[in-house]
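Visitor: I would like to learn how to read salt bridges in a protein model. Could you walk me through some?

Guide: Gladly; let us bring it up and begin with one side chain.

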Amino acid sequence: RYILLVISLVLCVSVWGDNRSFRLSTGDFIVGEVIFENEDVVILRTEDGSRYQYRRSELEEVEVSLVEQAMTEQEVKGSRRSSLGFQIRVSGGAADLPRVVWGGYADASLAIGASNMFDRRIFLGGSIGFSATIVNAQTYTFLPLCLSAQVPFFVSDKSPYVGLSLGYGFGLSKQYKGGMAAAIDLGYRFSTKGKAVLFLALEANMQQARLTVTETFDGTAYDNYSGRLLFGLGVKFAVQL
């Protein structure tokens, strides 16, 4: 009789004092203290004192390490959800007015959008900026409003990426008018120890405009007002917060 009593006490202590981990039929995990179990039913008490009753066929006991791994994966997945992001972009390089002259350009813009679309670290949003192109001793300035996207090749903290912007650049002078604006950049993105993400890339851009261009034909100079394309090729740097 005493032996049976000791065995019962040992079993009660082991059942009441030991946290165990289970995988539910839904794929979720639960960790708790088993306060009752038989061939058909298992009753668990979690750390917050809540009690849950399950059919034994709904549970599969697993190691605690598997639960910790699943929770870590859920936290990582949660950190990759889409969130509002801001980008500050600057670029500059050589500019070309075809059949006329080469020059230079400089751009600066602010972009706002979703910073992690589809859990792939894709940036998708809109941007507003300022663009200045100097060719033929004249400066042409524009206010580009664009939709832009940046797609990394790999889902990692460091990855090559490709970016694309498309929109309209408004001329900031009565002497010329704006038109379609587009840019493509190919480079490298990498995350810092904080929340910032840095981008460094080669950029090619295009700005459509109607402007007056002085051209020389048979030794005579002519002022020609027509639609032209301003091309740029340079380096781009951006910070995403």
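Visitor: Does glutamate 61 count as buried or as partly exposed, and what is its relative accessibility?

Guide: This is a predicted model. Buried means under 20% relative accessible area and exposed over 50%. Glutamate 61 has 45% relative accessibility, so it counts as partly exposed.

Visitor: Which side chain meets that of glutamate 61 in a salt bridge?

Guide: To read such a contact, look for the N to O distance. The partner is arginine 20, at 3.1 Å, N to O. Arginine 20 belongs to strand E1 (residues 19-24) and glutamate 61 to strand E5 (residues 59-62), so the pair ties together parts 41 residues apart in sequence. With 17% relative accessibility, arginine 20 counts as buried.

Visitor: What does glutamate 37 pair with?

Guide: Its side chain meets that of arginine 56 in a salt bridge of 2.8 Å, N to O. Glutamate 37 sits in strand E2 (residues 29-37), while arginine 56 is in the loop between strand E4 (51-55) and E5, 19 residues apart. Glutamate 37 is partly exposed at 28% relative accessibility, and arginine 56 is partly exposed at 32%.

Visitor: Which residues do salt bridges with shared partners join into one network?

Guide: Arg20, Glu37, Arg56 and Glu61 are joined that way.

Visitor: Are aspartate 185 and lysine 236 buried or exposed?

Guide: Both are buried. They form a salt bridge, with the closest N and O atoms 3.5 Å apart. Aspartate 185 is in strand E11 (residues 179-191) and lysine 236 in strand E13 (residues 220-240), so this pair ties together parts 51 residues apart in sequence.

Visitor: How many salt bridges does the structure hold?

Guide: It holds seven.

Key: Residues are numbered from 1 along each chain as its sequence is written. This is a predicted model: local features need pLDDT of at least 70, side-chain atom pairs count only at pLDDT 80 or more; totals for chains, interfaces and linings use all residues. Side-chain values use heavy atoms; hydrogens and water are left out. A salt bridge is a side-chain nitrogen of Lys or Arg within 4 Å of a carboxyl oxygen of Asp or Glu. Helices (H or I, at least four residues) and strands (E, at least two) are DSSP runs, numbered from the N terminus. Buried means under 20% relative accessible area, exposed over 50%, partly exposed in between (1.4 Å probe, protein chains only).
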